[in-house]
Amino acid sequence: MNKRSVLIGLGIIVAVVIPFLPLLLWSVSDQWFYPALLPQQFGLRGWQYIMTTAGQQITEGLVQSTSLALVTTCCSLLVALPAARALGLYSFPGKKLIGLFLLLPIIVPPLCVSMGYHLWFIRIGLAETFAGVVMAHLTFCLPYTIFVLWGVFTDYNPDFEYQARSLGASPIQVLINVTLPMILPGICIAALFSFLLSWSQYLSTLIIGGGRLLTLPILLFALMDSGDRPVAAAVSLVFVIPALFALVANAHFLGRQGMTGVR
Amino acid sequence: MFSPVAEDETRTRTIETGHLLLLLTPALLIILVLFGGGLLLGTLQALSSQPFTEKNALTFAHFTAVLADPDFATSFALTLYIATVSTLVAVIASVVVAISLVRCSAGNRVLNFFLQIPLTVPHLVIAISLLLLLAPTGILSRLCSFLGISKGAASFPLLVNDPYAIGILLTYIWKEIPFITFMILAVLKNSGNELNEVGRTLRANSWQRFRHITLPLIAPSLGAAGFIVFAFTFGAFEVPYLLGRTYPMVLPVWAYKNYTDIDLMARPEGIAIGLIIAAIATCSLLLSQGLMQLARRQREYPGE
C-alpha cells in the first residue's frame with residue numbers, strides 16, 4: 001500500500017465520519033450558544049426527552065417504521081424473485097421492453113405517482129392505512145429489488161437444480177436446499193436495500209398516510225420544524241442506529257461482496 | 001439498455017410461455033396497477049378542469065398555467081443545476097475512489113465498511129447533520145471564528161439556504177458516492193488486472209490505460225448508476241426542502257407546495273408539475289439510451 005492510497009483511505013474515513021460529529025455533540029448538549037466551539041454545558045436533556053416525555057411516540061415511530069419496512073421488503077422479495085429469475089436466466093421476446101417497464105419506477109420520483117393515486121386511495125379506503133402506505137412504498141421498492149436480483153440471477157446456474165431433481169428431490173426440497181442457499185447473499189442485499197428505501201421514505205408516507213402513520217422520518221421532520229436541536233439530533237441518531245446495526249450484521253456475512261447496488 | 005447487467009447476446013436459455021407468464025405476472029401486475037395507475041390517474045386529474053366536482057371537462061389549462069409561469073424556468077434551471085452538478089461530482093469522485101480501492105486491496109475490508117455507512121444513512125438525517133454543521137451558527141462557523149478566520153455568524157459565508165445550493169449538493173455527493181462506487185467496484189473486481197498488465201507491457205501510460213481499458217469496462221454500470229442518481233436528485237423532496245431557499249424552489253418542492261395548498265384548484269397544478277418531472281426523467285432516460293446505442297454503433301462500425 002503506497003502513500004497515496006493511505007491518504008485516500010484516510011480521506012474516505014474522515015469524510016464519512018464528520019457528519020456524525022454535529023449529531024453526537026448536539027445530542028449531548030444542554031447549553032451551546034454561538035460562538036462556543038464546544039457545548040457550554042453537556043447533558044442528556046435531549047436523550048431524556050425522547051426516552052421519557054416523547055418516549056411513547058418515538059417507540060411507536062420505531063415500531064411503525066420497522067413494520068412498514070419489513071412488510072414492504074417481504075412483499076418485494078416474494079414478487080421480485082420470480083420476475084428476476086425470468087429476466088436473469090431466460091431469453092424471450094419482449095424482454096427489453098418488460099425489463100424497462102419493471103425498472104421505470106426507479107427513475108420516476110415517488111412524489112409524482114403518490115399524488116396521482118392519492119385521490120383513488122381515499123375513495124377505496126386505502127388512504128391513511130398501513131396497507132395503503134405499504135402499497136405506496138412497494139411501487140418503488142419492488143423495482144429496486146428486481147434490479148438487484150436480476151443481477152444475481154445472471155450469475156446463477158440452474159443446472160444444479162436439474163441435478164437435484166434427477167437425484168429425486170422434490171421441487172420444494174430443491175428450492176430450500178439448492179436455490180435459496182445459492183442466492184442467499186443476493187437476497188440479503190436486496191432485502192437490506194428495500195428495507196432502507198422504505199425506512200427512509202418521507203414524502204409518499206406523508207401523502208398516503210396523511211399524518212396518521214407516524215413513522216420516524218415524519219416525527220423527525222416535525223421536530224426540525226420545532227427547532228429543538230438536541231432532541232432532533234438524538235432522534236436522528238436513533239433513526240440511523242438500526243440501519244447501521246443491520247450493516248454490521250451483514251458486513252460479516254456478505255464479506256467482500258459488500259452492498260453493491262444498494263443506495 | 002437500462003438493466004443491471006451488460007447485454008448478453010449469447011444467453012439462449014428458453015422457457016415455456018406459460019411458466020414465463022407465471023414468473024412475471026405478479027410483478028407486472030403490481031407495477032402496472034400502482035405505477036401505471038398512479039400516473040394515469042394523475043394525468044386525468046391534471047387534465048380535468050374541476051377535478052373535485054361533477055361538471056368536468058378535459059383541459060390543458062393546468063399544464064399551460066405551470067409552463068407559462070415565469071417561476072417554472074427558474075425552478076427548472078435550479079433543479080437541473082442541482083441534479084447535474086451533484087451527479088457529475090459524485091461520478092468523478094466515485095471513479096477515483098473505486099480505482100484506488102481496487103489498487104490497495106490491503107485495507108479493503110475496513111474501507112469497504114466505512115464506505116457502506118452512507119448507504120444506510122437516510123437523506124433526511126444527513127441533511128439535518130449538514131444543517132448543524134454548515135449553518136451560519138453551525139459548527140464550521142464556530143470553528144472559523146475560534147481560529148479567527150471569520151468574525152461571527154454574519155461574516156460566515158452562506159452554505160445552507162444559499163443561492164448556489166452548496167448544502168444540498170454536499171448532501172447528495174456524500175450520499176451518492178458510495179452508491180456509484182460499489183456499482184463500478186463490482187465490475188472492476190470481476191475484470192481482474194490482466195488487461196491493465198497487457199496495457200502496461202504495450203507501454204500505455206496510466207492515463208492511456210484508464211482511457212482505453214478501465215473507462216470502457218466501467219462505462220455501462222457507471223452510466224446506469226449516474227443516471228439513477230441524476231433521476232433521483234431531480235425528483236427528490238426532503239433535502240432541498242430542508243436546505244434550500246424559499247425562492248426559487250426546486251420542482252418537487254414546488255409540486256408538493258401546490259398539491260397541499262389550501263386552494264383546491266392549485267392541486268391539479270401540483271400534479272401537473274409532478275407529471276412534468278416524470279416526463280423529464282423518462283425522456284432523459286430514452287435520450288441517454290439512444291446516445292449509448294449510437295456510441296456503440298460508432299465503436300463497432302467506425303466511419304459509417
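**Exercise 1.** Find how many residues of domain 1 of chain A are in contact with domain 2 of chain A, and say what kind they are.

*Solution.* Four residues of domain 1 of chain A are in contact with six residues of domain 2 of chain A, where contact means that the C-beta atoms, placed from the backbone, lie within 7 Å. Next, look for the main contributor: helix α2 (residues 20–27) of chain A gives the most to this side of domain 1, with three residues. Helices (H or I, at least four residues) and strands (E, at least two) are DSSP runs, numbered from the N terminus. Finally, sort that side of domain 1 by type: two nonpolar, two polar and no charged. Here Ala, Val, Leu, Ile, Met, Phe, Trp, Tyr, Cys and Pro count as nonpolar, Asp, Glu, Lys and Arg as charged, and the others, Gly among them, as polar.

A note before you go on: this is a predicted model, in which local features need pLDDT of at least 70, side-chain atom pairs count only at pLDDT 80 or more, and totals for chains, interfaces and linings use all residues. Residues are numbered from 1 along each chain as its sequence is written, while chains are lettered from A and ligands numbered from 1 in the order in which they are written.

**Exercise 2.** Locate the two domains of chain A and state how far apart their C-alpha centres lie.

*Solution.* Start with the bounds, which come from an automatic or database domain assignment: domain 1 covers 1–43 and domain 2 covers 55–257. Their C-alpha centres lie 31 Å apart.

**Exercise 3.** Describe the contact between chain A and chain B.

*Solution.* Count each side: 81 residues come from chain A and 86 residues from chain B. Then classify the chain A side, which has 63 nonpolar, 14 polar and four charged residues.

Technical notes. Two residues are in contact if their C-beta atoms, placed from the backbone, lie within 7 Å.
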